[in-house]
Every structure is written in C-alpha cells, then in structure tokens.
Amino acid sequence: MSLPDQWSDCFWSYVRSDNENLRGRIDHIREDLTAQYAVETGEELRIFVDGEDIGWGQDWQETLDIGVGRTAFFIPIVTPNYTKSSSCRDEILKFHAICHARGVKELILPIVVSNPERISKDDPDEVIRIIATAIYEPFHEVIRAGRDSQQWMEGIHRLVRRLMDAQKRVEEKLPRILSGEIERATETPADPAAHGLDSDDVPDAPGLLELVENLTPALERTAVTLQEAVTDFTAVSVLLGEYGARAGEQGNDPAAYKATILKMAEVITEPARKLERSASNAQRDIAETDKLIREVKNVLDQTVQSPVLDELRAGFRKALGEVGDIDKVAGLMDDLARQIAGAESISLILKNAVRPARRAVLMLRDAARMAASWGTVI
C-alpha cells in the first residue's frame, strides 16, 4: 500500500441535513475548532469533511490500515439522525473496529449536539455504546447558546483540550504498540505442530493460528445469534402482516378498527422487544468477530506470502462464508422496514409499540454489512 502525500488529522462525520437545520452551526464548530487549535498549539489542524473531500472514506481507512505510526481522529457529530443514518453508522463501526485492533481507542471523539440523555453504555445498539464509551462531549447547550456566546467559546476551548489530551495519550501509546507489532512479526507461532505444520512452514505468521482458533467459537456464536434474529424478524413480520390485514378489513367500522389497532399494539409489543434483544446480540457478536478478523488482517499484512498462508486464507474465507445467508437477512430487513413504516403511519400507539423493531432493523443492517464485507477483508 502506498503512502499518500498528505493525510488528515481528523475526519469529520455528520448528517448534512442536521447542519442545514442548525443553520450551519456544525460547520461553525469545525471552523472555530480549527482556529482555536491553531491559537493554542501554533499548528494546523487538517480536517477531512465527509461529503466535501474526495476519497474521504478510503483516506481514513488507508490511514489506519497502514499502521499506528500514522493516526487520525474520527469526530462524529451525533444527533438522532446520525444514529439512524446507514452510512454514518457504517463509518463509526468500521473506524471503531480498526481502532480496537490497533489498540488506540482514543481516536474517536464524539460531539453530541442533541439529546445526550439518549447516549448510554447499556444501550442495546452497538453504535450508541461506542459513542458512550468514547466519552463524548455534550454540546447541546452550547448549540442553543449560539456562536457569539461565552458558552460557545468555552465549549470550543473544551473540544481543543480534549483533542490535545487524546493526542498526547495516543502518542504515549505508539512506541509500545509499534514495538508489539514488530515483536509479533518476528515471533514463531505457538506449537504449530498441533495444526499439522512444521515450524519452518509458518515463520512469518505470528499468532495467526491462535487467532483463527479464537475465531471458530466466535463464528459459531454469530451463526446462532443471527439465526435467532432472523426467526424473531419473521415472527414480527407475520404479526404485522396479519393485523394490518385485519385493520384494513375494518375500515368501514371505526369502533372495530380502533379495537384492532389496540389489539395489534398489545400483541406486537413483546415480540418487537424480543427482536430488539436478538438483533442486539447478533450485532454484538458480529462486531466482536469483526474485531478478530481485523486482527487477523493486521497479522497477514505483516507476513511474507507463502503457500501455507494462502491455504490458511482460503480456509478462513470458507469459514466466514458459512456464518449465514446475509442476502436473506437483508431482504427480511427491507420487508420489515416497510411494514414498520406502515404501522407507524396508522397511530402513535403503534409507533411506540414497533419502535424497538425499528431499532432492530438498524442494528441488523449494521451486522449484515459487516458480515458481507468479511470476504474482502482477508
């Protein structure tokens, strides 16, 4: 992989409509953060902006894939729209997985500009948990105060200090992490004979066999939880279809129609919650498996090509392909999303009842995208 002539210090991830609705204040945060950073450090803060800079996604992936000697911070501007956006969710999940594999979790610095009470480490959604554990900066009151306020100036100053502190922690870690990568690149894997290999066969594959061994139970768990989520998806879909048809038949009888809607909300509530739990489990297991896969990639990137490694790669890809039918899951999600949208348009009662199922769609879409990408990672 070739090194780009220049890379960014930060990657700015946000939903464009949020910036428009906030009258450009997300842009103002970025502009003032850059200016204040220059004042306090005497250095330029180079920020890549999603949607403005060519190759945005490829640039940060290349920056992190090359090695921890080059780092870049990921700054998501978090709103309810952000946590619903498929592209934004994909960005933060991928960035987090790469950071975890590299051992530099400090690289994610979320700025929450609305509804910080929604952010919890106990949330079933992996995206919300990542934001919460990254120790986000609450900026909702600063946004309301406006750019010309003292509160705004203090908020920008806090962001600069957070960034500087994170840079310092990462810089302190880099020598140890790099030393570990060098050490792993020169070690011999433990007991290769247990895998039917001679020591001379895998001199440049440190830890690869052990990582593949760890992946076996992870893939098994993933296959089970994914199937459970598919089963729960099917159950919710059947109920929505059945009661939606009943409601349609009662269109000329207002009392019967209302009774059907109430019954539908009552019946769908617990299955929707169960679906949210199983989708959360599938998302969690696939995210953990994804981290292991990227650790395997890190090892492979540091090894010399050999027939033994090619054989291991082939076996590894085959194992990944046996996790489950991701295309089937994607089709189920699209169908259920349409049914949920129809139910939500009928009444507020139904909207509240199916909300967990809507969240489940987001989580399982994340999981499906992750699993679908595994074949191209190794």
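In what order do the 5 strands of the open sheet lie, and is their pairing parallel or antiparallel? In this predicted model, the strand order is S2-S1-S3-S4-S5, and the pairing is parallel. Strand S2 (47–49) and strand S5 (137–138) form the edges of the sheet, each pairing on one side only. In general, strands of a sheet pair through backbone hydrogen bonds, in either a parallel or an antiparallel manner.

Strand S1 (residues 10–13) runs parallel to S2 and is joined to S2 by 3 bridges. Tryptophan 12 has valine 49 of S2 as its bridge partner. Helix H5 (residues 86–102) lies across S1 and strand S3 (73–78), and its direction makes an angle of about 145° with S3.

Aromatic side chains form 3 pairs in the structure. One of these involves phenylalanine 139 and tryptophan 152, with ring centres 6.2 Å apart and planes at 70°. The planes of an edge-to-face pair are over 60 degrees apart, and the pair of phenylalanine 139 and tryptophan 152 is accordingly classed as edge-to-face. Both phenylalanine 139 and tryptophan 152 are buried. Phenylalanine 139 is located in the loop between S5 and helix H7 (140–145), whereas tryptophan 152 belongs to helix H8 (residues 150–186); the pair therefore ties together parts that are 13 residues apart in sequence.

A further contact of a ring involves a charged side chain. Arginine 246 is placed over the face of tyrosine 243, at 4.5 Å from the ring centre.

Methods
Residues are numbered from 1 along each chain as its sequence is written. This is a predicted model: local features need pLDDT of at least 70, side-chain atom pairs count only at pLDDT 80 or more; totals for chains, interfaces and linings use all residues. Side-chain values use heavy atoms; hydrogens and water are left out. Two strands pair if DSSP finds at least two bridges between them. Helices (H or I, at least four residues) and strands (E, at least two) are DSSP runs, numbered from the N terminus. Contact means heavy atoms within 4.5 Å. Axes are lines fitted to C-alpha atoms, for helices over the stretch in contact, and angles run from 0 to 180 degrees between N-to-C directions. Rings of Phe, Tyr and Trp (its six-membered ring) pair if their centres lie within 6.5 Å; planes under 30 degrees apart count as stacked, over 60 as edge-to-face and the rest as tilted. Buried means under 20% relative accessible area, exposed over 50%, partly exposed in between (1.4 Å probe, protein chains only). A charge sits over a ring if NZ of Lys or CZ of Arg is within 6 Å of the ring centre and within 35 degrees of the ring normal.
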